[in-house]
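I opened my notebook to record what I could look up in one chain, entry by entry. Each entry below covers one topic.

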Amino acid sequence: MSRRNRISQVTDDFVSLLFPRLCQSCGEPLVRNEEVICLSCLADLPRTDYHIRRENELEKAFWGRCFIERAAAYAYYRRGGIIQTLIHRLKYNGITSIGDYFGRIYGNILKDSGFLDDIDVIVPVPLHPVKVRKRGFNQSMVIAEAIGRSASIEVSDHYIFRRSDSATQTRKSRVERWENVENIFVAGEDTEKEGSHILLVDDVITTGSTIEACTEALKSNRDVRVSVAALGTAIFESA
Ligand SMILES: [Zn+2]
């Protein structure tokens with residue numbers, strides 16, 4: 001180890017003594033080489049492996065609703081589970097390193113499995129501009145950009161836009177939710193290449209209505225194929 005590295009290591013150790021980095025899931029101090037969450041919590045994440053399973057539960061959830069080529073999510077999203085905690089901290093506590101870290105991890109997994117081989121562009125689910133201003137970022141964009149960097153694929157937020165703010169989606173039936181999101185996404189005017197394969201990225205898929213509405217908008221003025229990836233999915237076998 002060079003003298004400079006030794007000094008920076010000592011500085012790092014000193015800084016982490018004063019400001020210990022904590023696991024965003026369990027709150028235990030992170031050790032060297034751990035990032036965002038500890039290795040124990042990382043191992044406990046309920047991964048879906050949907051990216052290597054064709055006709056998985058998430059893909060099936062869109063059958064008869066809209067045509068999705070493939071759908072995958074990193075982990076199952078359960079009430080009180082690790083993914084719920086992480087997404088909450090990402091969105092409401094502004095800890096964007098969570099989206100960046102898991103986007104990178106998932107991007108590498110997707111790339112290594114061949115899931116991204118055919119993808120031309122990555123498009124994040126848009127957040128209303130007012131919300132972006134208030135929050136300072138769109139969590140889906142943070143995740144999309146990290147996936148894009150892992151796989152060297154272009155990321156664009158010009159394919160679809162959010163028209164108006166929608167009321168909070170909790171405590172609504174699926175039909176009401178669908179009516180709520182149906183018309184809020186519109187296709188961008190500056191149409192890109194016909195026939196592109198778009199990877200639509202969201203933080204969590206709960207009912208699939210947002211993805212359905214985005215897909216309708218993406219296909220409304222151009223001939224494109226759409227696949228989907230999210231960090232969490234609430235749609236799984238026992239649902
Ligand atoms: Zn932990």
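This is a predicted model: local features need pLDDT of at least 70, side-chain atom pairs count only at pLDDT 80 or more; totals for chains, interfaces and linings use all residues.

Residues are numbered from 1 along each chain as its sequence is written.

Most residues other than glycine have a negative phi. Asn33, however, has a positive phi of about 80° although it is not a glycine, and the phi of Val36 is also positive, near 65°, in a residue other than glycine.

Which of the terms buried or exposed applies to Asn33? I used the rule that a residue is buried if 20 or more other C-beta atoms lie within 10 Å of its own, exposed if 12 or fewer, and partly exposed in between, with C-beta atoms placed from the backbone. Asn33 has 6 other C-beta atoms within 10 Å and is therefore exposed, whereas Val36, with 23 C-beta neighbours inside 10 Å, counts as buried.

**Entry: the chain as a whole**

I counted 9 helices and 7 strands in the secondary structure of the chain. Of its 239 residues, buried ones make up 37%. Two residues are in contact if their C-beta atoms, placed from the backbone, lie within 7 Å, and among contacts between residues at least 6 apart in sequence, 73% join residues at least 24 apart.

**Entry: the open sheet**

In what order do the 5 strands of the open sheet lie? I wrote down 1-7-6-2-3, with parallel pairing, where two strands pair if DSSP finds at least two bridges between them. The edge strands are strand 1 and strand 3 (154-155), each of which pairs on one side only.

I then went through the sheet pair by pair:

- Strand 1 and strand 7 pair in the parallel sense over 5 bridges, and Ala73 stands opposite Ala230 in strand 7.
- Strand 6 (residues 197-205) runs parallel to strand 7 and is joined to it by 8 bridges, and here Asp202 stands opposite Ala230.
- Strand 2 runs parallel to strand 6, with 4 bridges between them, and Pro124 stands opposite Val201 in strand 6.
- Strand 2 (residues 121-124) is joined by 2 bridges to strand 3, again in parallel, and Ile122 stands opposite Val155 in strand 3.

Strand 7 (residues 225-233) is mostly covered, since 8 of its 9 residues are buried. Strand 6, helix 9 (residues 209-220) and strand 7 make a right-handed β-α-β unit; a crossover is right-handed if, with the strands pointing away from the viewer, the path from the first strand over the helix to the second runs clockwise.

**Entry: Tyr76**

I placed Tyr76 in strand 1 (residues 71-76). Tyr76 has 22 other C-beta atoms within 10 Å and so is buried. Leaving aside neighbours within four places in sequence, Tyr76 is in contact with Pro46, Thr48, Ile83, Thr233 and Phe236. Arg47 is 29 residues from Tyr76 along the chain, and their C-alpha atoms are separated by 6.3 Å.

**Entry: helix 4**

Helix 4 lies across strand 1, strand 6 and strand 7, running at about 100° to strand 7; axes are lines fitted to C-alpha atoms, for helices over the stretch in contact, and angles run from 0 to 180 degrees between N-to-C directions.

How are helix 4 and helix 5 oriented to each other? Helix 4 (residues 82-92) and helix 5 (residues 96-113) pack at an angle of about 125°, with their axes 7 Å apart. The two helices are therefore oblique to each other, where angles under 35 degrees count as roughly parallel, over 145 as roughly antiparallel, 65 to 115 as roughly perpendicular and the rest as oblique. Leu86, Arg89 and Leu90 of helix 4 make the contact with Thr96, Ile98 and Gly99 of helix 5.
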